[in-house]
Amino acid sequence: MNQKRTYSRRLVFIVLLVLTVPTLLAGVIIGPVHIPISDTLSYLIGRGASVGGSPSVSRLIISQIRLPRVLLGLLVGWALAISGGTMQGVFRNPLASPYILGIASGASTGAALVILMNLHGVLFLPLGAFVGGSLAVGIVYRLAQERGKKTSVYTLILAGVAVGAFFSAVTSFGIFLSSGTERMTDLIFWIMGGLGRANWTYLCVLFPIVTFGSLVVIAFSRDLNALAMGEESAFHLGINPETSKRVMLSVVTLLTSSVVAFAGTIGFVGLIIPHIMRLIIGPDHRFLLPATAIAGAIFLVLADIAARTVVRPAELPVGIITAFLGAPFFLYLLKTKKMRI
Amino acid sequence: MDITINGLHFSYDGSPILREITLSMQKGEVLAIVGPNGSGKTTLLKNISGVLTPDAGAVYLDMKQITDLSPREISRCLTAVEQEHEVGFDFTVREVIAMGRIPYQGRFARETTKDAQQIREAMELAHVSSFASRSIQELSGGEKQRVFLAMALAQNPQVLLLDEPTAYLDINYQLQIMTIVRQQAAAGLTILMAIHDLNLAAQYADRVAILHRGRLLAVGRPADILTEANIKQAFQADVIVGKNSVTNSVYISTVAQKSKALPPFRESLGKLHIICGGGSGAAVLHALANGFSLSVGVVSPLDSDFQLAQCLGAKLVTEAPFAPISPRAYKENLAAMRSSDGVVICETPFGPGNLPNLSAALELESKTNIYILRPEGIEERDYTGGEATKLIHQLVKSGAIVVNSIEELSSHLISRY
C-alpha cells in the first residue's frame with residue numbers, strides 16, 4: 001500500500017477534527033454582545049452560570065441564539081460540501097455543485113410557496129423544499145433521458161440551467177406579489193441565504209436528515225470511484241451506474257432541499273470545498289467525502305462569524321462572504337488548473 | 001469458462017448493427033474478431049459483456065444466461081477493457097488498479113492481504129509497477145491501456161474481453177500485451193479481442209472471426225479464414241497472404257490500390273528497371289524518378305524499397321514476404337526488364353531469395369543496357385556463397401556498364417536517352 005498517502009490522509013482527518021473545536025468555540029464566543037469566554041465555557045460544560053453581571057441574558061444568548069446558529073452552520077456546511085463532492089463525482093466534473101440540477105431553485109420555490117400559503121409548522125418548510133427540489137431534479141432528469149437510454153451529462157446540465165431559471169422566476173414572482181408585506185422579507189431570505197433563523201427545532205429536523213444522507217452517500221463512495229473510470233468500466237466492476245447515480249442524486253436532492261429550507265441558498269461551499277479537499281487528500285471518494293463534509297462545516301461556521309462581525313452591529317448574508325472568498329478562488333483554479341467539462 | 005452466443009441480434013435506433021451472431025468459445029481459447037471500421041466489433045463485445053442487451057438471442061457464460069446475472073455477479077467472472085479511457089479525477093495508477101478488487105469487497109471493506117497480492121501481481125504482469133504512484137491523467141495512451149489491463153487482471157476474471165488492446169501501443173508493448181494474452185489463456189482465461197491488426201490476430205489468436213456489416217463472414221483458424229478472398233470481401237482491400245517463415249503464421253501485406261492522385265512524370269526520358277531491395281535502391285530511385293518511368297522488381301511488400309517505389313509511382317513486380325521468387329514473379333520481372341530501355345542493378349545484398357533477379361538480368365539479350373552500381377563491393381553483399389559474385393562478374397564481362405556513383409549513373413543515362 002502507498003504508505004505516504006495513508007499517513008497524510010490520517011493527518012488531514014486529525015487536523016480537520018482538531019480545527020472543529022476552536023471553530024465551534026469561536027462561533028459561540030464571537031458576536032455583537034460581548035460574553036466572557038469563561039461564561040461560555042461554563043455554559044458549554046454544563047455548570048450553572050453564576051459569573052458575570054447578567055448571567056441569564058448571557059445564557060439565553062448562548063443557548064437560544066449562538067449555539068443553534070453554530071450547529072446549524074456545521075450541519076449546513078457539512079451537507080452542502082458532501083452534496084457538492086457527490087455531484088462532482090456523479091458528473092465526473094469538478095465544476096458540478098449541489099445546485100447544478102436546479103435543486104436550489106426548486107427547493108426555494110417550494111419553501112416560498114409554503115410561506116405564501118401561510119402554512120405553519122416546522123416540517124412544512126423542508127417538505128415544501130424537498131417537493132420543489134425533487135420536482136426540479138425529476139423534470140431535469142426526464143428531459144435528459146434519451147428514449148430509455150443512458151442519461152447525457154451535457155443535457156442534464158443544460159436542462160438544469162433552464163429548469164433552475166424557471167423556478168427562480170416563480171420565486172421572484174412570489175416576491176413581487178408579496179411586496180410590501182412581512183412575507184417579502186422571508187422570501188428574500190431564500191435569495192440571500194443565511195443562518196440567522198437557527199433554532200433548536202430546525203436542528204432536530206435537519207440533524208437526522210443530514211446523518212442519514214451522509215451515511216448513504218459515504219456507503220456509495222466506492223461506486224463514485226468506479227464511476228470516475230467511466231460508466232462502462234464501472235459496470236465491469238460490478239456496479240450498476242444508473243442505479244448508483246439515481247440513489248446519489250436522490251440523496252443530494254434530500255440534503256440540499258432540507259438545507260435550503262432552513263438556510264436558503266448559500267453558494268460556493270458545495271463547489272470549492274470538495275475541490276480544495278480533492279487537492280489535499282486525493283480523489284478517492286471514501287476519504288474525500290468525509291473530509292469534505294468536515295471542512296465544509298468548519299468553513300461555513302467561519303464564514304458566518306465573518307458575516308456577523310464585518311459590519312457589526314449589522315449582519316451580512318453569509319452567502320456574500322462565501323461568494324466573496326469562493327469566486328476568486330474558483331477563478332484561480334480555472335486559470336491554473338486544466339479543468340475539463 | 002465457456003461462452004456461447006446464440007442467434008444474437010442488436011439494433012440501434014432501429015437500424016440493425018449485429019445480425020444472427022452465433023459463436024462459441026472454450027475455456028482457455030483466444031478468439032480475435034476482425035473486421036472493417038463500423039462492422040460492429042465493439043458493439044458485439046458490449047453485447048457479450050452485458051453493457052448492451054441484445055434485441056434477440058442470448059449470451060451464456062457456461063450455462064448461465066448473462067441477462068439473468070447482476071452486474072456484480074458478472075464482474076466476478078467476466079471483465080472488459082475498453083478502447084478509450086477518460087478518467088474523471090487524478091487517481092494514482094495503483095488506486096485505479098486497486099478498483100479491480102471492488103467486485104470482491106463490501107461497501108466499507110478495506111483492502112485485504114489477498115487484494116494487495118492480486119494488485120501487485122497484476123501490476124507486474126502489465127509492467128506498470130514502475131509508475132504505480134503517478135497520476136493516471138499524466139500517462140500516455142499506451143501506459144493507460146496497460147493500467148486498465150492490469151485493473152482487469154486484478155479482477156481475476158475467467159473471461160476477458162479486449163477492445164483494440166494494442167491500439168495505442170508501440171510495437172514492443174503490442175508484443176508484450178499479446179504475450180500476456182497468451183499466458184493468461186494458457187492459465188485458463190477465455191479471451192475475446194476485437195483487433196484491427198490482421199497480422200497480430202493471425203499470430204496470436206487460436207481462432208479468428210471476421211465481422212462484416214454485422215454478420216459473421218467466417219470463423220475458424222487464422223490460416224483457413226484470413227484468405228485474400230475473405231479479406232477482399234470484408235475490407236475491400238487487395239492483400240497478399242503469405243506465410244511468415246519465422247512465426248509460421250499467415251502474413252497479410254497490403255498492395256497499393258492504383259493511386260490516381262500521383263501526377264504523371266512530366267516527360268519521360270525512357271523506361272528503366274531497377275533491381276534493388278532492403279533500402280539499397282532508395283538513392284537511385286530518388287535520383288531517377290524525375291525523368292524516367294521506373295519499374296522495380298522483384299521486391300516484397302515488406303521491403304522499404306517497395307514502399308518508396310510505390311510512393312514514386314513505379315511499376316512493381318512483387319512477391320510475398322519471406323517467400324522465394326516464384327516462376328510467375330520471375331517471368332514478370334524478366335518481361336519488365338525486356339520492355340525497359342535500361343536496367344540498373346543497385347548495391348543490393350543478394351541471398352538465395354533474390355538471386356533470381358540477377359539470373360534474369362543475365363538472360364537479357366543486350367547486356368550493354370545494364371548498369372551496375374559499384375560491382376566491386378559485391379563480395380561483401382554476397383550471401384549465396386559466391387553465386388551472386390559470379391553472376392555480377394559474368395554481367396560485367398558480357399558488356400554491362402560499371403558506374404561508381406549515382407551522379408555518374410545519371411549523367412550516363414541522360415546523355416544516352
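Domain bounds here come from an automatic or database domain assignment. On that basis, chain B splits into domain 1 (3-254) and domain 2 (271-416), and the C-alpha centres of domain 1 and domain 2 of chain B sit 45 Å apart. This is a predicted model, in which local features need pLDDT of at least 70 and side-chain atom pairs count only at pLDDT 80 or more, while totals for chains, interfaces and linings use all residues. Residues are numbered from 1 along each chain as its sequence is written, with chains lettered from A and ligands numbered from 1 in the order in which they are written.

As for the two chains, 26 residues of chain B meet 21 residues of chain A. Elements giving two or more residues to the chain B side are α2 (71-75), β6 (78-81) and α3 (93-98) of chain B.

Within chain A, A:Ser108, A:Ala111, A:Ala112, A:Ile115 and A:Leu116 of α4(A) pack up against A:Arg183, A:Asp186, A:Leu187 and A:Trp190 of α7(A). Sorted by type, that contact has 6 nonpolar residues (Ala, Val, Leu, Ile, Met, Phe, Trp, Tyr, Cys and Pro), 2 charged (Asp, Glu, Lys and Arg) and 1 polar (the others, Gly among them).

Terms used
Contact = placed C-beta atoms within 7 Å. Helix = DSSP H or I, 4+ residues; strand = E, 2+ residues; numbered from the N terminus.
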